[in-house]
Amino acid sequence: MVKAKKGAVKYVIDCTQPVDDKVLDVASFEKYLHDRIKIGGKTGALAANNVVITRDRTKLTVASPADLNFSKRQLKYLSKRYLKKQQLRDYLRVVAASKNSYELRYFSISGGDDDAEEEE
């Protein structure tokens, strides 16, 4: 966890690859997270608990007070649900890039070219 001002914890979701390919819309992803992040078992309690979601062109940052014990795992779960809802789950995966960040990456699929060459 990265400590920022007054014990705030920041988690970053990097969506660079799918956004560059125009597969994912960061604004709708941000709205999805804003509507569905739970704090204390309740959705819609972000402002009351000083949790802030900010958006760059390709990155989302969720900042929360350290004493809130905000779960990084919940971000992964919600990211996967969003991908499933957008029917992108078969192509993208959520990977922990560092201790405080996730990254959306494409599955690395080897196209079976080796088998075709061996058969000929």
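Predicted model: local features only at pLDDT ≥ 70, side-chain atom pairs only at ≥ 80, totals over all residues.
Which residues in α2 are buried? The legends below begin with that helix.

View 1. Residues are numbered from 1 along each chain as its sequence is written, and side-chain values use heavy atoms, with hydrogens and water left out. Val 26, Phe 29, Glu 30, Tyr 32 and Leu 33 are the buried residues in α2. Buried means under 20% relative accessible area, exposed means over 50%, and partly exposed lies in between (1.4 Å probe, protein chains only). Seen down the axis of α2, the buried residues fall within an arc of 160°, so they line one face of the helix; the arc is that of the directions from the helix axis to the C-beta atoms. What covers them includes β2 (8-14), α1 (16-20), β5 (52-55), β6 (59-65) and α3, where contact means heavy atoms within 4.5 Å. Helices (H or I, at least four residues) and strands (E, at least two) are DSSP runs, numbered from the N terminus.

**View 2. The aromatic pair Tyr 32 and Tyr 82.** The whole structure holds 3 aromatic pairs. Rings of Phe, Tyr and Trp (its six-membered ring) pair if their centres lie within 6.5 Å; planes under 30 degrees apart count as stacked, over 60 as edge-to-face and the rest as tilted. Tyr 32 and Tyr 82 form a tilted pair, 5.2 Å centre to centre with 55° between the planes. The pair links distant parts of the chain, with Tyr 32 in helix α2 (residues 26-36) and Tyr 82 in helix α3 (residues 72-85), 50 residues apart. Tyr 32 is buried at 5% relative accessible area, and Tyr 82 is buried at 3%. Ring pairs link Phe 29, Tyr 32 and Tyr 82 into a cluster.

View 3. A salt bridge is a side-chain nitrogen of Lys or Arg within 4 Å of a carboxyl oxygen of Asp or Glu. The whole structure has 4 salt bridges. In one of them, Glu 30 pairs with Arg 55, the closest N and O atoms being 2.4 Å apart. This pair links helix α2 to strand β5, 25 residues apart. Glu 30 is buried at 17% relative accessibility, whereas Arg 55 is partly exposed at 43%. Asp 35 forms a salt bridge with Lys 31 at 2.8 Å between the closest N and O atoms. Being 4 residues apart in helix α2, Asp 35 and Lys 31 are separated by about one helical turn.
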